[in-house]
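My notes follow, in the order I looked things up.

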Amino acid sequence: MHSPLLKRRHFTASALALVGWGLGPAAALAVQVAARKVLVLGDSLSAEYGLPRGSGWVSLLQQKLVQEVPGNTVVNASISGETTAGGRSLLPALLKQHQPDVVVIELGGNDALRGLALSMTHDNLEQMVRAAQASGARVLLLGMQMPPNYGAEMARQFAQVYAQVAQKTRCALVPFFLQGVGDDPDPLKWFQSDRIHPNAAAQPRMLAHVWPELKKQLK
């Protein structure tokens with residue numbers, strides 16, 4: 001990350017340039033403060049698996065942010081099949097390269113499907129959150145749930161991992177990323193034929209569920 005001094009210099013130069021283009025100092029300040037960079041680190045649920053390019057919830061988020069404030073950008077670093085261990089190993093380089101203002105972490109589902117230890121998932125998520133916070137970014141953690149065939153107690157413990165990490169690190173949390181999709185009375189209408197990955201129709205619902213909490217982190 002650049003030092004705060006360098007960031008202030010860049011901000012001042014940019015603001016002065018906007019004043020030179022006919023915008024007053026207050027307008028120039030508003031433009032600079034509003035623009036944000038969001039890094040999304042997730043798995044297939046965020047990587048547009050099985051979907052037409054540009055139709056996934058992260059692409060829809062990019063469109064929404066650009067419409068609201070020109071200059072907002074989204075970096076989608078999601079990889080199908082990614083685990084929390086993989087995300088943890090990738091995150092330091094991503095933070096250094098992109099210097100995001102907000103980091104959205106959508107990982108853990110593949111840990112559950114592979115039967116990995118909950119303690120490992122917990123530790124990986126916590127360390128990712130702390131690394132992002134140390135870089136100066138705000139963090140939004142998107143929680144997942146286990147399929148019902150794993151048993152009620154295991155599902156409860158898995159969901160608690162996200163709540164515990166959010167509480168320990170004081171990061172923002174969406175408890176269940178697929179709420180309104182995976183728990184719909186007729187969930188099959190929102191999923192692809194594999195019954196695992198949400199279809200294109202589900203993507204706006206996914207964004208709508210995430211947006212209220214994400215919007216708070218963009219202020």
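Ground rule for burial before anything else: I call a residue buried under 20% relative accessible area, exposed over 50%, and partly exposed in between, using a 1.4 Å probe and protein chains only. The model is predicted, so local features need pLDDT of at least 70 and side-chain atom pairs count only at pLDDT 80 or more, while totals for chains, interfaces and linings use all residues. Residues are numbered from 1 along each chain as its sequence is written, and side-chain values use heavy atoms, with hydrogens and water left out.

**Entry 1: overall layout**

I took helices (H or I, at least four residues) and strands (E, at least two) as DSSP runs, numbered from the N terminus. The chain has eight helices and five strands. Along the sequence they come in the order α-α-β-α-β-α-β-α-α-β-α-β-α. Of the 219 residues, 44% are buried.

I also checked contacts, meaning heavy atoms within 4.5 Å. Among those with a separation of 6 or more, 74% are between residues 24 or more positions apart. The chain exposes about 11,000 Å², and carbon and sulfur atoms supply 58% of that; the areas come from the Shrake-Rupley method with a 1.4 Å probe, and for residues only the protein chains shown count as cover.

How many residues of strand 1 are buried? I found five of the six in residues 37-42, so strand 1 is largely enclosed by the rest of the structure.

For pairing, DSSP has to find at least two bridges between two strands. Strand 1 runs parallel to strand 2 (residues 73-76), with four bridges joining them. On that side Val38 sits opposite Val74. Strand 3 (residues 102-106) is also parallel to strand 1, through five bridges. Here Val40 has Val104 as its bridge partner.

Strand 1, helix 3 (residues 57-68) and strand 2 form a right-handed β-α-β unit. Right-handed means that, with the strands pointing away from the viewer, the path from the first strand over the helix to the second runs clockwise.

**Entry 2: the core**

A nonpolar core is a set of buried Ala, Val, Leu, Ile, Met, Phe, Trp, Tyr and Cys residues joined through side-chain atoms within 4.5 Å. The largest one has 55 residues, and those with the most contacts inside it are Trp57, Val104, Ile105, Phe177 and Leu214. I followed up Phe177: leaving out residues up to four places away in sequence, its contacts include Leu45, Trp57, Leu142, Met144, Met206 and His209.

**Entry 3: salt bridges**

My cut-off is a side-chain nitrogen of Lys or Arg within 4 Å of a carboxyl oxygen of Asp or Glu. The structure holds eight of these.

- Glu48 pairs with Arg53, with the closest N and O atoms 3.6 Å apart. Glu48 is buried at 10% relative accessible area, whereas Arg53 counts as exposed at 60%.
- Lys64 pairs with Glu68 at 4.0 Å between the closest N and O atoms. They are four residues apart in helix 3, so about one helical turn separates them. Lys64 is partly exposed at 27%, and Glu68 is partly exposed at 43%.
- Asp123 meets Arg88 at 2.9 Å, N to O. This pair links distant parts of the chain, helix 6 (residues 118-134) for Asp123 and helix 4 (residues 84-98) for Arg88, 35 residues apart. Asp123 is partly exposed at 34%, and Arg88 is partly exposed at 34%.
- Glu126, Arg130 and Lys168 are linked in a salt-bridge network.

**Entry 4: loop residues**

Is Pro198 buried or exposed? I get a relative accessible area of 3%, so Pro198 is buried. It lies in the loop between strand 5 (172-174) and helix 8 (203-217). Pro198 and Leu51 are 147 residues apart in sequence, yet their C-alpha atoms are 8.9 Å apart in space. Not counting residues up to four places away, Pro198 touches Leu45, Leu51, Trp190 and Phe191, among others.

Arg195 is in the loop between strand 5 and helix 8. Its phi is positive, about 65°, although Arg195 is not a glycine. Arg195 counts as exposed at 61% relative accessibility.

Gln99 also has a positive phi, near 45°, and is a residue other than glycine. I found Gln99 in the loop between helix 4 and strand 3, partly exposed at 24%.
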